[in-house]
Amino acid sequence: MDKPVEDKPIKIHGVKKLQFTDGEADKAKTVDRGGTRGDYIGEFTVTAYCACQECCEKPKDHPEYGITASGRKVREGVTIAADWRVLPEGSKVYIEGIGERTVWDKGGAIKGKRIDVYLPNHKDTKKFGKQKLKVYKIGG
Ligand SMILES: [Zn+2]
């Protein structure tokens, strides 16, 4: 992950109060969507990242540690980074073998058909490596 892009102010105050009340996490676990996984949009190169300094260049005591480009805190089972020109902020996708995720982040290296999946620890991101996976766009 690169440093957050400066064109969008990130709200630092009140970040800890950020609540997900729309059931995103629960929905993320649902892979069976009545026989449809959405529209197939191609094979993406999928990697993983965590909130650590190596991945995001922000130390643990940084006020924006774990805060995505959308201003939301990273969330296991929900957050992915994508190229917002390909998959705009808030897009929901189904990734083959991984499940449903939402685009809440982006990164300098995440261009074109690239997805970076948030995982809570760095060891798992290394284990994840780089995979070519089929991606489906869910909803509009
Ligand atoms: Zn990391």
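Trainee: Which residue in S6 does Tyr94 stand opposite?
Mentor: Tyr94 stands opposite Tyr136 in S6. Before we go on, this is a predicted model, where local features need pLDDT of at least 70, side-chain atom pairs count only at pLDDT 80 or more, and totals for chains, interfaces and linings use all residues. Residues are numbered from 1 along each chain as its sequence is written.

Trainee: What makes a stretch a strand or a helix here?
Mentor: Both are DSSP runs numbered from the N terminus: helices are H or I over at least four residues, and strands are E over at least two. By that rule the chain comes to three helices and six strands. Their order from the N terminus is α-β-α-β-β-β-β-α-β.

Trainee: How do you know that S3 and S6 pair?
Mentor: Two strands pair if DSSP finds at least two bridges between them. S3 and strand S6 (residues 131-138) are joined by four bridges, so by the definition they pair. The two run antiparallel.

Trainee: What about S3 and S4, in which sense do they pair?
Mentor: S3 (residues 92-95) and S4 (residues 99-105) pair in the antiparallel sense, also over four bridges.

Trainee: Which strands pair with S2, and in what sense?
Mentor: S2 runs parallel to S4, with three bridges joining them, while S2 and S5 are antiparallel over three bridges. Ala81 has Asp105 as its bridge partner in S4, and Ile80 has Val117 in S5. Strands of a sheet pair through backbone hydrogen bonds, either parallel or antiparallel.

Trainee: In what order do the strands of the closed barrel run?
Mentor: The six strands run S1-S5-S2-S4-S3-S6, with mixed pairing. From one strand to the next the twist averages 45°; axes are lines fitted to C-alpha atoms, for helices over the stretch in contact, and angles run from 0 to 180 degrees between N-to-C directions.

Trainee: Why is Phe44 called buried?
Mentor: A residue is buried if 20 or more other C-beta atoms lie within 10 Å of its own, exposed if 12 or fewer, and partly exposed in between, with C-beta atoms placed from the backbone. Phe44 has 22 other C-beta atoms within 10 Å, so it is buried. Phe44 belongs to strand S1.

Trainee: And why does Glu57 count as exposed?
Mentor: Glu57 has 12 C-beta neighbours inside 10 Å, so it counts as exposed. Glu57 lies in the loop between helix H2 (53-56) and strand S2 (79-82). Its phi is near 60°, a positive value in a residue other than glycine.

Trainee: What can you say about the two faces of S2?
Mentor: Thr79 and Ala81 on one side, and Ile80 and Ala82 on the other, are all buried. In S3, Lys92 and Tyr94 point one way and Val93 and Ile95 the other way, and all are buried. In a regular strand the side chains alternate between the two faces of the sheet. Over the chain, 29% of the 140 residues count as buried.

Trainee: Which residues touch Phe44?
Mentor: Two residues are in contact if their C-beta atoms, placed from the backbone, lie within 7 Å. Leaving out residues up to four places away in sequence, Phe44 touches Lys113, Arg114, Ile115, Leu133 and Val135. Phe44 and Ile115 are 71 residues apart in sequence, yet 6.7 Å apart in space, C-alpha to C-alpha.

Trainee: What makes a set of residues a nonpolar core?
Mentor: It is a set of buried Ala, Val, Leu, Ile, Met, Phe, Trp, Tyr and Cys residues joined through C-beta atoms within 7 Å. The largest one has 23 residues, and those with the most contacts inside it include Ile80, Ile95 and Val117. S1 gives the most to this core, with four residues.

Trainee: How confident is the predictor in the chain?
Mentor: pLDDT is the predictor's confidence in each residue, from 0 to 100. The chain averages 84, and 74% of the residues score at least 70. Residues 14-23 stay under 50, and the model has five contacts for them beyond four places in sequence.
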